[in-house]
Amino acid sequence: MSNDDEFFDAVTGLESDESCEGLSEASFKDAQGIDSSSQKNNGSVPQENGIKKHRTSLPAPMFSRNNISVWSILKKCIGLELSKITMPIAFNEPLSFLQRITEYMEHTYLINRTSSMSDSIERMRAVAAFAVSAVASQWDRTGKPFNPLLGETYELIREDQDFRIVSEQVSHHPPVSAFHAESLAGDFVFHGSIYPKLKFWGKSVEAEPKGTITLELLKHREAYTWSNPNCCVHNVILGKLWIEQYGTVEIVNHSTGDKCVLNFKPCGMFGKELHKVEGYIQDKSKKKLAVIYGKWTECMWSVDPQAYEVHKKSEKKGDNKKQKNDELEGAENDDADDMPEVQETVSVVPGSTLLWRIDSRPAHSSVMYNFTNFAMCLNELEPGMEAILPHTDCRFRPDIRAMENSNMDEASKEKERLEEKQRAARKERAKRDEEWSTRWFQMGTNPYTGSQDWIYTGGYFNRNYQDLPDIY
């Protein structure tokens with residue numbers, strides 16, 4: 001692997017090469033600097049029961065894309081990496097990619113459960129469910145998040161879900177976003193970096209989320225690593241947009257040697273495999289201990305391997321007859337990649353245990369960029385936040401704010417102004433022969449993968465935000 005490849009695959013690492021117990025202390029080394037009163041409400045007005053109130057919709061519904069000529073924009077981009085091309089705002093949703101990364105935390109309760117689990121296979125099941133749930137918010141999300149500006153940051157504290165997270169755009173070429181999340185109770189640390197490579201292939205846009213993410217279960221002194229599957233948005237030129245996740249995700253428990261291998265299946269010719277995820281947990285001697293199955297858009301289950309094999313054999317007999325009928329009725333469509341009919345339920349194997357089920361989206365989600373309830377409040381600027389957040393936080397980006405208010409002309413102008421300001425700053429640094437210096441993350445080595453990592457250096461929540469770049 002070349003040095004460039006190692007850099008592009010960089011992930012957020014750990015605080016030191018010591019044991020997980022030492023890492024626990026290092027990960028929370030800046031916790032004492034937090035103002036407890038500001039952490040409790042972050043400047044917002046609490047409800048009567050003391051739980052922070054979050055908004056349930058955006059300020060305005062999304063704009064209509066019906067009159068946009070997508071082909072006139074994309075026809076010159078076939079086979080190219082889209083991160084190097086200035087895209088019109090019509091393709092976006094009103095969130096930064098740093099905020100989209102934060103959606104990994106929507107189902108944090110799955111990690112919190114592991115603290116009370118004494119069995120390592122039980123914990124692996126929960127981690128596998130969390131890894132699948134992390135991509136569930138992408139279902140029907142066909143808008144592209146805004147590319148973060150170099151030095152852009154985002155934070156979120158959710159006491160109700162027992163976590164806080166901070167992220168920073170640490171590189172512009174290639175675009176790398178680093179994040180670090182931790183339990184407020186000190187139970188886990190979750191961190192990584194993502195280098196999203198986007199390519200246009202004529203009728204579809206493919207996203208390869210390069211980079212590894214790491215989860216540390218501090219109480220159990222375990223560390224898990226994995227990478228997310230590929231994502232493809234079909235029919236960007238003609239037809240109904242739809243999303244497919246595919247590829248193999250390998251979750252490794254570096255403490256026990258156990259692995260969970262998950263196969264996000266491509267939909268196939270007749271759509272039978274659409275949204276399906278199947279895999280297994282094996283120990284270090286490669287003995288299969290459990291099967292994991294379900295749909296990343298719906299739910300995940302676990303069952304004994306023998307019971308699963310018996311069920312699959314009985315299913316296969318019925319499927320062979322159905323496939324012959326499908327082949328007779330099927331027809332090709334050269335104009336669009338028709339989305340297969342979705343079967344909304346998973347065929348549950350007797351004796352299975354439910355690991356995770358997706359939350360329903362709000363009724364008005366379709367006119368709110370198909371956001372989940374969690375995504376709906378990510379760009380919320382609550383009373384008092386201006387005095388707490390650094391001015392590099394995504395919530396202060398004028399182009400995202402304008403788009404959220406459905407002011408598309410202003411959003412487009414602001415996006416162009418910010419990109420030009422970023423280019424001018426880069427030229428000025430080149431004149432002075434200055435290197436960009438990251439603020440909250442630095443390069444290091446991950447002791448689990450041995451690769452170059454973006455390491456959270458601590459101190460963000462001390463609220464000492466001097467000498468930050470003027471990016472907006």
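This is a predicted model: local features need pLDDT of at least 70, side-chain atom pairs count only at pLDDT 80 or more; totals for chains, interfaces and linings use all residues.

## Aromatic rings

A pair of aromatic rings is described by the distance of the centres and the angle of the planes. The model has 13 aromatic pairs. One of them joins Phe-190 and Trp-226, which are stacked, with centres 6.1 Å apart and planes at 25 degrees to each other. Phe-190 belongs to strand S6 (residues 188–200) and Trp-226 to strand S9 (residues 222–226), so this pair ties together parts that are 36 residues apart in sequence. Buried means under 20% relative accessible area. Phe-190 is at 1%, so it counts as buried, and Trp-226 is buried because its relative accessible area is 2%.

Tyr-369 and Phe-371 are both buried.

## Charges over rings

Some rings have a charged partner over the face. Arg-164 is placed over the face of Phe-461, 4.2 Å from the ring centre. In another case, Lys-288 has its charged end over the ring of Tyr-280, at 4.3 Å from the centre.

## Salt bridges

How many salt bridges does the structure hold? The count is 22. In one of these salt bridges, the side chains of Arg-141 and Glu-93 meet at 3.0 Å, N to O. Arg-141 is in the loop between H7 and S2, while Glu-93 is in strand S1, so the pair ties together parts that are 48 residues apart in sequence. Both Arg-141 and Glu-93 are buried. They also belong to a network of salt bridges that links Glu-93, Arg-100, Glu-103 and Arg-141.

Another salt bridge brings together the side chains of Glu-278 and Lys-312, at 3.2 Å from N to O. Here Glu-278 is part of strand S13 (residues 276–282) and Lys-312 is part of helix H8 (residues 305–329), so the pair ties together parts that are 34 residues apart in sequence. Glu-278 counts as buried because its relative accessibility is 17%, whereas Lys-312, with a relative accessible area of 28%, is partly exposed.

A further example is found within one helix. Arg-401 and Glu-404 form a salt bridge of 2.8 Å, N to O. Both residues are in helix H10, 3 residues apart, about one turn of the helix. An α-helix has 3.6 residues a turn, so residues three or four places apart point the same way. Glu-404 counts as buried, at 2% relative accessibility.

## Helix H11

Next, take a look at helix H11, which covers residues 408–431 and has 24 residues. From its first C-alpha to its last, H11 reaches 35 Å, close to the 34 Å expected at 1.5 Å a residue.

Which residues of H11 are buried? They are Met-408, Ala-411, Glu-414, Lys-415, Leu-418, Glu-419, Gln-422 and Arg-429. These buried residues pack against strand S1 (92–96), strand S2 (144–146) and helix H10 (398–404). Just after H11 comes Asp-433, with a positive phi of about 55 degrees.

Where is Gln-138 found? Look in the loop between helix H7 (120–133) and S2. Gln-138 is buried, with a relative accessible area of 17%. Its side chain makes a polar contact of 2.9 Å with the side chain of Gln-245. Apart from neighbours within four places in sequence, Gln-138 is in contact with Arg-100, Cys-231, Ile-243, Gln-245 and Trp-296.

Arg-158 is in strand S3 (residues 153–158). Is Arg-158 buried or exposed? Arg-158 is buried, with a relative accessible area of 9%. The side chain of Arg-158 makes a polar contact with that of Asp-160, at 2.9 Å. Setting aside neighbours within four places in sequence, the contacts of Arg-158 are His-54, Phe-163, Leu-184, Phe-374 and Cys-377.

Key:
Residues are numbered from 1 along each chain as its sequence is written. Side-chain values use heavy atoms; hydrogens and water are left out. Rings of Phe, Tyr and Trp (its six-membered ring) pair if their centres lie within 6.5 Å; planes under 30 degrees apart count as stacked, over 60 as edge-to-face and the rest as tilted. Helices (H or I, at least four residues) and strands (E, at least two) are DSSP runs, numbered from the N terminus. Buried means under 20% relative accessible area, exposed over 50%, partly exposed in between (1.4 Å probe, protein chains only). A charge sits over a ring if NZ of Lys or CZ of Arg is within 6 Å of the ring centre and within 35 degrees of the ring normal. The expected span of a helix is 1.5 Å times one less than its number of residues. Contact means heavy atoms within 4.5 Å. A polar contact is a pair of N or O atoms within 3.5 Å; within protein, one must be able to donate a hydrogen and the other to accept it, and residues adjacent in sequence count only if both atoms are side-chain atoms. A salt bridge is a side-chain nitrogen of Lys or Arg within 4 Å of a carboxyl oxygen of Asp or Glu.
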